[in-house]
Amino acid sequence: MAGKHTARRASGPSYGSRGRSRRLVVSVAVVVAVLAVVAAAAASALRRSGDLRAAAPTAASATCSSTITIPVVVAPAVESVTRAIAERWVGNHPVASDRCVTVTVTGQEPLAAERSIETDPTPTLWIPDSSVWAAMLGATPALSSAVTIGNSIATSPLVLAAAPGKATALAATAKAGWAAGVIGKVRVAICDPTISSTGALTALALQAQTGTAPGASAALVGQFARLAASRIASPAAGLANLQAHPATAPALVASERDVFAGNQGKPTAVATAVYPAGATPVLDFPVVTVAPAGADQVLVAVATLFAQQLATPNAQRQFTAAGLRDPAGTPLPIDSGSSGIASQIVTAAPAPDAAKLAETARLWKAAAKPSHLLAVMDVSGSMRDPAGNGQSKIAIAAAAAQSAIALMPDGWTVGLWSFSIQAPPLTDWTELVPLGKVRAQRTSLQTAAGTLPSRVSGNSGLYDTALAAFEQVTRSYDPSSVNVVALLTDGTNLDSDGIDLATLLGKLKTEFNPERPVTIVTIGVGPDADASALEQIAAATMGRFYSVKDPANIRGVLLDSIIVN
């Protein structure tokens, strides 16, 4: 994989003459021992040689039969230090199984590296800036047995980077934690969580503080929508903006190392690091070994030996000089001033989880892409039943719909229907507000949602309504949006004159076009909702089914289903 990228080989003296220079000889026995991690002789040799400079050559290994190259792909933040360590190590002429060892160090952004490794897995050492990417690569079924996530070589906590004149105000809000700091009164920009480690870890921190109660996902999407409007390409771009426009540029989420590097060589700090309270996301720079089946085991072994060089005291001093903390997170021996950072102890947030990362990415995309949405509300007689909190189910549903409409961006396209059985030639569904831009009809949508309680009567004509709504959104399909039907009901289909479930499912599966997808999100309220039918209706269009056992949760679930789609 690494051979596909432009790289500079770590340099060292040529290998043409027996007596010109010392060689580090790694015998086959030691290689096997390193792989097994059990041989006492190998451990003893490593202890004696320190950073592998001191072993003497032998006559048998004075001339190499060939060269073995360790490809090392690293995040740009550690590229220069890793290359310097590699050049020093190669300068001691390591030899493995009569093969001269060299190292290529390639700096590459983690997302690009992760995709490249996934496409073409070859023996590689990979050091991304965060376990975010290692977790995603390890979750790939084809690579699960080939990927080993090792120890970190350095760390850097995330901070809020602000112009010095705004740091005090930002620090005041950040005392309440990451969510307060990022979504507070001081404007803060983040990178796209789907392509950036700092963005992904920030999104996870916000998600952790938002919680999992019904409605939490909708609240998080609302936060993401605000952040997406002013996202930045990279921390370096955000810091450059701070330098150019200190009075107007937004603060940003960056790593402590980013702030340190951005202030280097400046007479005064361009940015000041603010450390929010609570668990802090941390870049952890793990060593990831990619060793697919059939890999050259000698290469894997010497790659392991090189990885050990990155943990030596000399290497750690170099990482510290570059503004990176050690793997334990020990604060840097620098206080604020021109560096812009502080010797601040932080509590690291839990390591990222692949499933949570996927969900966070889904919510970010929901915030970034507009919706073409038709909300369909059951107004059959049972919706008048009490919800157990002094209100009827329909009163809670109507208020929830109004809350959702208030959160919708102006650019969304939204319509509102109600449904219950009506005598022919009337349809079971009633269009209250046609599909249209929210900016032009937010008031109409709010007013119509408020009339839902007054419309309750009759039984539920579920199946005909579901098909009609699906076909309406399909006819008006918007390729630039997420096209969705959100249907809420507390019952089952009672229209004996309409289509049955088998016919509905057959039509949905036939008419569903994966190239122009229209999904149905179904919400079943209370114990009488036909969960089986609703789940099948959603599944036929690759949608989601939400079950609301407690009617008091209607608001939160409806918000989640409508805002997050």
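Is Val72 buried or exposed, going by its relative accessibility? The close-ups below start with that residue. This is a predicted model, in which local features need pLDDT of at least 70 and side-chain atom pairs count only at pLDDT 80 or more, while totals for chains, interfaces and linings use all residues. Residues are numbered from 1 along each chain as its sequence is written, and side-chain values use heavy atoms, with hydrogens and water left out.

View 1. Val72 has 0% relative accessibility, so it counts as buried (under 20% relative accessible area; exposed is over 50% and partly exposed in between, with a 1.4 Å probe and protein chains only). Setting aside neighbours within four places in sequence, Val72 is in contact with Thr82, Val103, Thr104, Val105, Thr106, Leu125 and Phe306, where contact means heavy atoms within 4.5 Å. Thr124 is 52 residues from Val72 in sequence, yet their C-alpha atoms are 6.1 Å apart.

**View 2. Helix H3, residues 79-90.** At 1.5 Å a residue, the 12 residues of H3 should span 16 Å, which agrees with the 16 Å between its end C-alpha atoms (the expected span is 1.5 Å times one less than the number of residues). Buried here are Val81, Thr82, Arg83, Ile85, Ala86, Trp89 and Val90.

View 3. Just after H13, Gly323 has a positive phi of about 90 degrees.

**View 4. The largest pocket, with a volume of about 760 Å³.** Of its 38 lining residues, Leu204, Ala205, Ala208, Ala349 and Pro350 are the closest to the centre. On a 1 Å grid over the protein atoms alone, a pocket is an open set of points where a 1.4 Å probe fits, with protein on both sides within 12 Å along at least five of seven lines, and lining residues have an atom within 4 Å of a point. H8 gives the largest share of the lining, 7 residues.

Terms used
Points joined across faces, edges and corners; volume = space filled by probe spheres on them. Helix = DSSP H or I, 4+ residues; strand = E, 2+ residues; numbered from the N terminus.
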